[in-house]
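These are my notebook entries on a single structure. I set down each point as I looked it up.

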Amino acid sequence: MRFLIQRVSEASVSVDDKVIGRIGKGFLVLIGISDTDTEMLAEKMVKKMIGLRIFEDENGKTNLDLKSVDGRLLLISQFTLYADCRKGNRPSFVKAGKPESANHLYEKIISLCKETGIVVEQGCFGADMKVSLLNDGPFTVVLDSMEIFGE
């Protein structure tokens, strides 16, 4: 499982020229799911993401987490995070999760995030989405479950 987390001042997602999700300060999270990912791993990843202290405190140090700054989440499914570009120039996506299981885990991640009390907006799984953001910093972090948890 991979989360590409961007600290944003604002972000939105549109489908068919209609905004379906919008946040102010918080995280825009692109979520990649593989076929080997599980609900238990989703729980670990959400806990890690929510606890990230990447907002500045009164001294300019990155000591504050999402809840401390009343931040919000915009969660977007992004199978292309599993692109394999080792051979040729056309990426392969064989490591990306199959739509049915990936959508299930994406919805589980959304549910887990909502359980924390943080305001959550979301994209539309499998749709052609247009994502807009104002990256704050810029500050971008990649959480890769294989690197963090060995799973």
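This is a predicted model: local features need pLDDT of at least 70, side-chain atom pairs count only at pLDDT 80 or more; totals for chains, interfaces and linings use all residues.

Entry 1

Phe-79 has 51% relative accessibility and counts as exposed, because the class of exposed residues begins over 50%. I then looked up the ring of Phe-79 and found that it pairs with the ring of Phe-93. The two centres lie 5.1 Å apart and the planes stand at 70°, so I recorded the pair as edge-to-face; the cut-off for that class is over 60 degrees. Phe-79 and Phe-93 are 14 residues apart, and each is in the loop between β6 (72–77) and α2 (99–115). Phe-93 has 32% relative accessibility and therefore counts as partly exposed.

Entry 1. Other aromatic rings

I asked how many aromatic pairs a search of the whole structure finds. The search gives three. One of them is formed by Phe-27 and Phe-55, which are stacked, with 5.5 Å from centre to centre and 10° between the planes. I located Phe-27 in strand β3 (residues 26–32) and Phe-55 in strand β4 (residues 55–56), so this pair ties together parts that are 28 residues apart in sequence. Phe-27 and Phe-55 are both buried.

I also looked for a charge over a ring. Arg-2 lies over the face of Tyr-82, 4.1 Å from the ring centre.

Entry 2. Two helices

Next I asked at what angle helix α1 and α2 pack. Helix α1 (residues 39–51) meets α2 at about 40°, and their axes are 10 Å apart. From α1, the contact is made by Glu-39, Ala-42, Glu-43, Val-46 and Met-49. From α2, the residues are His-104, Leu-105, Lys-108, Ile-109, Leu-112 and Cys-113.

I looked up Ser-12, which is found in strand β1 (residues 2–15). Ser-12 counts as buried, because its relative accessibility is 11% and the class of buried residues lies under 20%. Leaving aside neighbours within four places in sequence, I found Ser-12 in contact with Val-19, Gly-21, Arg-22, Leu-74, Lys-130, Val-131 and Ser-132.

I then turned to Asn-63, in strand β5 (residues 62–64). Asn-63 has a relative accessible area of 34% and is partly exposed. With neighbours within four places in sequence left aside, Asn-63 is in contact with Arg-53, Phe-55 and Asp-57.

Entry 3. The backbone

Which peptide bond did I record as cis? It is the bond from Gly-137 to Pro-138, with omega near -5°. Pro-138 lies in strand β8 (residues 129–144).

Asp-16 is not a glycine, yet its phi is positive, at about 50°. Asp-16 is found in the loop between β1 and β2 (18–23), and at 71% relative accessibility Asp-16 counts as exposed. Asp-70 is not a glycine either, and its phi is positive at about 55°. Asp-70 lies in the loop between β5 and β6 and, at 62% relative accessibility, counts as exposed.

Terms used:
Residues are numbered from 1 along each chain as its sequence is written. Side-chain values use heavy atoms; hydrogens and water are left out. Rings of Phe, Tyr and Trp (its six-membered ring) pair if their centres lie within 6.5 Å; planes under 30 degrees apart count as stacked, over 60 as edge-to-face and the rest as tilted. Helices (H or I, at least four residues) and strands (E, at least two) are DSSP runs, numbered from the N terminus. Buried means under 20% relative accessible area, exposed over 50%, partly exposed in between (1.4 Å probe, protein chains only). A charge sits over a ring if NZ of Lys or CZ of Arg is within 6 Å of the ring centre and within 35 degrees of the ring normal. Axes are lines fitted to C-alpha atoms, for helices over the stretch in contact, and angles run from 0 to 180 degrees between N-to-C directions. Contact means heavy atoms within 4.5 Å.
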